[in-house]
Amino acid sequence: MFFSIILGSSSLLLAVTYPLMKRITYWPQAFLGMTLNWGILFSWAAVQGSLTCCAPILIYGSCICWTLIYDSIYAHQDKEDDLLVGVKSTALLWGADSKYWLSGFGCFMISGLAMAGFMCEQTWPYYTSVVLTAMHIGNQVGTLDINNAEDCFKKFRSNFYLGLILFIGAVAGNLLKPTEEEKEKNSSLKER
């Protein structure tokens, strides 16, 4: 419990420093990802009592990658204004190479989600949602026009549905997991 309190309190450092990041670094989207997704680590620690398992770290990293993807797409609609006012973003840093960066972060995201699912003994609905997520990210990045603000906003907004897909997959995957009692029963049947 004490660990969860310390972990939750430490999120304040990210929350306070994030608004300054556009002035300091070209990676404010990474800080946004760390800030918005800190709850993954906090909630895991609150339920499990620690972060000894790699799964929450993989999920946290995957969600940071996801935030980098959708917020970098969003940043492309503001890049001219950002240049005028002197703020930084991954859209300005990556420029014409944005699709390569977005694809790379998409690969890390999907790999992390798949590995976390394996570590948590997830079931087929979860993996179905990961495959659908990979397809969504692939389509999003593949059809993205970084110089069309309307297209960038449309792609950004589509991430609501991506989150819904992942949520439904995780919930359904957990509901289909065998209980400890069922695991013991199956284990005793295999021993016979």
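Which residues do ring pairs link into a cluster? They are Trp66, Tyr70, Tyr74, Phe153 and Phe156. This is a predicted model, so local features need pLDDT of at least 70, side-chain atom pairs count only at pLDDT 80 or more, and totals for chains, interfaces and linings use all residues. Residues are numbered from 1 along each chain as its sequence is written, and side-chain values use heavy atoms, with hydrogens and water left out.

**Aromatic pairs**
- The structure holds 13 aromatic pairs.
- Rings of Phe, Tyr and Trp (its six-membered ring) pair if their centres lie within 6.5 Å; planes under 30 degrees apart are stacked, over 60 edge-to-face, and the rest tilted.
- Trp27 and Phe105 form an edge-to-face pair, because their ring centres are 6.3 Å apart and their planes stand at 75 degrees.
- Trp27 sits in the loop between helix H2 (21-24) and helix H3 (28-36), and Phe105 in helix H8 (residues 98-119), so the pair ties together parts 78 residues apart in sequence.
- Helices (H or I, at least four residues) are DSSP runs, numbered from the N terminus.

**Burial of the pair**
- Trp27 is partly exposed, at 26% relative accessible area.
- Phe105 counts as buried, at 15%.
- Buried means under 20% relative accessible area, exposed over 50%, and partly exposed in between (1.4 Å probe, protein chains only).

**Around Ser62**
- Ser62 belongs to helix H5 (residues 55-76).
- Ser62 is buried, with a relative accessible area of 3%.
- A polar atom of the Ser62 side chain lies 2.8 Å from the backbone oxygen of Leu58.
- Neighbours within four places in sequence aside, Ser62 is in contact (heavy atoms within 4.5 Å) with Phe108, Met109, Gly112 and Leu113.

Methods. Helix = DSSP H or I, 4+ residues; strand = E, 2+ residues; numbered from the N terminus. Polar contact = N/O pair within 3.5 Å; in protein donor to acceptor, adjacent residues only side chain to side chain.
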